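These are my notebook entries on the structure shown below. I set down what I looked up, chain by chain.

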Amino acid sequence: MNLDISFHKSVYPLDVLKKAAYRFIDSFSIDFIPKDNQIYCTLNFNEKLTDKQCEYYLDQFKKEVLDQDLREKIKKETEPIRNLVLAQAFSKTNLIKDE
Amino acid sequence: MSKFQTIDFYKAPKKNYHLLPFRFSDLAKDKLILTNLVGEYFVTEKKILEDLVHHKLEQEDPNYKALRSKHFLYDDQTSVAKDLLSIKYKTKLNRLAEFTSLHMFVVSLRCEHSCPYCQVSRQSDDKVKYDMSEEVALKSLDLALRSPSPNIKIEFQGGESLLNFELIKFIVEEAKRRETNKNLSFVIATNLAVVNRDILEYCKIHGIHISTSLDGPKDLHNKNRPRPGKNSYEKTIEGINLSREILGPDMVSALMTTTEASLAYPKEIINEYIQNNFNEIFLRPLSPYGFAIKTKKFNEYNADKWFEFYKEGMEYIIELNRNGLEFKEFYTSIILKKIFTFTDPGYVDLMSPSGIGIAAVIYNYDGEVYASDESRMLAEMGDKKFMIGDVMKNTYEEIFLSDNLLDPLEESFSYSAPMCNECAFENYCGCDPVYHHAVHGDFVGRKPESDFCKRNMSIFKYIFNRMESDSFVEQLFMSWIQ
C-alpha cells in the first residue's frame, strides 16, 4: 500500500523529513519529490500491513517530523557549544615514538 | 480602564536564556526524557519542551530552575555552565587516555563440555594444536603490560582454561616477576568441572578470582551445558562451594547465558543464584556468534522476547529487595552508573567509542590478537574482520593502530551514527561494531532494525519509568551504583 503526503518547504526542510523517515526504515520506504514550494512524499508500505496500520504509521511519521524540526532548532542554537573538547582523548597513549 | 496592573507588570523583567546542547526521546505516553551533553537527565512533558526550545519558559517556573541547574540552559546568572559542562565531558572521556585494562588470554581452546551455544570450544586432546605456548604467552604479556592503563586485569579464558593450568601459573608468576607500576589482578574464567584443592590453593596465594557459568536450576543448566556424565550443574556447584571455602566468598562470581529454554524461568534462575549465596545476577542475552549461530540457537528468540524475560526478572528482583533481600541485576547497575556518575564502568558493549581494543583485548591461543572476546568468536566462524594483529609478528604500535581496530572505532562512534546522534539515551548506550558487523554487515547497522538498539532502548525506558513511578525503586537503583 502507498500513502501520499506533502509538506511546504518553508515549514519543513527536506533534511528534517529525511531524518523522520529514517526512524521508520523498518516499516516503510519513502520517495521524496520536491516540486515548487512543496515536498511530495510517498510512503511505500509492506504488503502485509493493514490499511489501519499504514494510517497509524503515517500519523506517527507526521509527529516525528515535528520532533525532528524541534531537534533541528536545538541543534542550530547549540552548534558552537556542542563542538567541545575531544582532543584530550588519546593524549597519554604512548603511541607516538620520539624520532 | 482597570485600576490594577496585570500580573505581567509585577513579574521580573524577562531575561534571555540560551540553550545548551541536549537531546530528547519519548519515555512513555505524554512523557519525554531530555538528556544533556554529559547524560544529566530531565523528565518532562511536550509542552515544557516546546516552551524551552522556543524561549518561552519563565524564570519563575520551577522547570526553568531545574533545567538551569542541570545544564540544559544558561543565562546571565549561570555563565559558568559551559565550563562545568566541558569539565564533566572531559571527565567522562578520561578513560580513553588510559586504555585497555582487560587483557584476556585464551590459554586453551580445549573443553570437556559441548554446549550448543558456545562460540569457541573444542573437544580435543590435541594440546599442541589448541593450547597457548609459553612463547605466545610471553609476547602477549609484553603487550598487556605496555597498555597505558594503570590497572591491568588478566583474565584466563578457554575453552576450559583450567585444562592448561600450568600456563596460567607461568603467566601469573611472570607478570608478578616483572617490575611494573601496574596494579595487576587475575581472573580465571572456568566451568569448574576440573577444579581441585591444589589449583584453588594456588589461586589463594596469588589472589586470583574465579568467574564461572551458572545458567540456572539443575535441569536447565545441564540442558544448556552438556558434558560427559551429564553432571555440569553438580560440578559447578561443588566447584563454587570449594572455591568459596578456600578463596573466600567474594572471590567467586557467576555468569548466566539466556537460551530459549531459560525464557520461561526468570524467577527460578534468580532463586538458584540466591540459594547459592550470590548477591547479583547478569540476565545476559545470547551473543550472535560462533556455534550459537551454527546451531541456530541465536535466532530462537528476539529482543522483545528477551526483554520480557528481563522485565519479569527485574520485577522479581525489585520485590525481593522490597522484602529486605539485597540483590541486584548486573547490566542494570552498569547502566545506572552511566546515568548517575561521570565515571565510565568500562563495559565493552556499552561504550562509545566502542570498548573494543580500548576496554578489552584478547590474545588467542595461537597468538592472534582480537579486539574483543566477541571478535575472536566471529573469527571462529571464519570472519577475521576484527583481528588486529599477531603477537609473534606485530609490534604494540602495529596492533593498536591497525585499521582493523581504528576503522570500526571511528565509524561506529555513536555520537555521529544516524539516529544515535539524536537519541536521548546515547550517553548511556554503546555502539557495538562487532555485533552490527556480524548481524547487519557493517559497523553501524540501521538502528530501527537493530536488536541491539531495541534491547537497550527497552531497558533504558524501563529503568527511567520505574524510577519515575516508584520512589522505592529510585532509591534501590541509586544504591546499585555503589
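For these entries a helix is a DSSP run of H or I with at least four residues, a strand is a run of E with at least two, and both are numbered from the N terminus. The model is predicted.

**Entry 1. Chain A, overview**

I began with the secondary structure of chain A, which comes to two helices and three strands. Read from the N terminus, the elements follow the order β-α-β-β-α. I then looked up burial and found that 16% of the 99 residues in chain A are buried. For the contacts in chain A with a separation of 6 or more, I noted that 69% come from residues 24 or more positions apart.

**Entry 2. The sheet of chain A**

I traced the three strands of chain A into an open sheet with the order β1-β3-β2 and antiparallel pairing. Because β1 (2-8) and β2 (28-35) of chain A each have a single partner strand, they stand at the edges, and one side of each is left without a neighbour in the sheet. From one strand to the next, the twist averages 20°.

I followed one pairing further. β1(A) and β3(A), the latter covering residues 38-45, run antiparallel and are joined by seven bridges. I looked up His8(A) and found its bridge partner in β3(A) to be Gln38(A). Strands of a sheet pair through backbone hydrogen bonds.

Next I placed helix α1 of chain A, residues 14-22, which lies across β1, β2 and β3 of that chain. The helix runs at about 170° to β2(A).

**Entry 3. Two hairpins in chain B**

I moved to chain B and took β2 (residues 22-28) and β3 (residues 31-36), which pair in the antiparallel sense over six bridges. In this pairing Phe24(B) stands opposite Leu34(B) of β3(B). The two strands form a hairpin with two residues between them.

β3(B) also pairs with β4(B), residues 41-44; these strands run antiparallel and are joined by four bridges. Here I noted Thr44(B) in β4(B) as the bridge partner of Leu32(B). The hairpin of β3(B) and β4(B) has four residues between the strands, and Gly39(B) takes a positive phi near 95° there.

Most residues other than glycine have a negative phi. I therefore looked up the exceptions, for which the general rule is the reason.

Asp30(B) has a phi near 60°, a positive value in a residue other than glycine. Asp30(B) sits in the loop between β2 and β3 of chain B. Is Asp30(B) buried or exposed? I found 9 C-beta neighbours inside 10 Å; the cut-off for exposed is 12 or fewer, so Asp30(B) counts as exposed.

His71(B) also has a positive phi, near 65°, and is likewise a residue other than glycine. I located His71(B) in the loop between α3 (62-69) and β5 (73-74) of chain B.

**Entry 4. Cis peptide bonds in chain B**

Most peptide bonds are trans. I recorded a cis peptide bond between Gly158(B) and Gly159(B), with omega about 5°. Gly159(B) has its place in the loop between β7 (151-157) and α7 (165-177) of chain B.

I recorded another cis peptide bond between Ser352(B) and Pro353(B), where omega is about 0°. Pro353(B) belongs to the loop between α14 and β14 (360-363) of chain B.

**Entry 5. Helix α15 of chain B**

After α15(B) comes Gly382(B), with a positive phi near 95°.

**Entry 6. Helix α19 of chain B**

I checked the length of α19(B), residues 451-469. At 1.5 Å a residue, its 19 residues should span 27 Å, and the end C-alpha atoms are 27 Å apart, which agrees.

I then looked up its burial. The buried residues of α19(B) include Phe452(B), Cys453(B), Ile459(B), Phe460(B) and Phe464(B).

Notes
Residues numbered from 1 in each chain as written. Chains lettered and ligands numbered in written order. Predicted model: local features only at pLDDT ≥ 70, side-chain atom pairs only at ≥ 80, totals over all residues. Pairing = 2+ DSSP bridges. Axes fitted to C-alpha atoms, helices over the stretch in contact; angles between N-to-C directions. Contact = placed C-beta atoms within 7 Å. Buried ≥ 20, exposed ≤ 12 C-beta atoms within 10 Å, placed from the backbone. Expected span 1.5 Å × (residues − 1).
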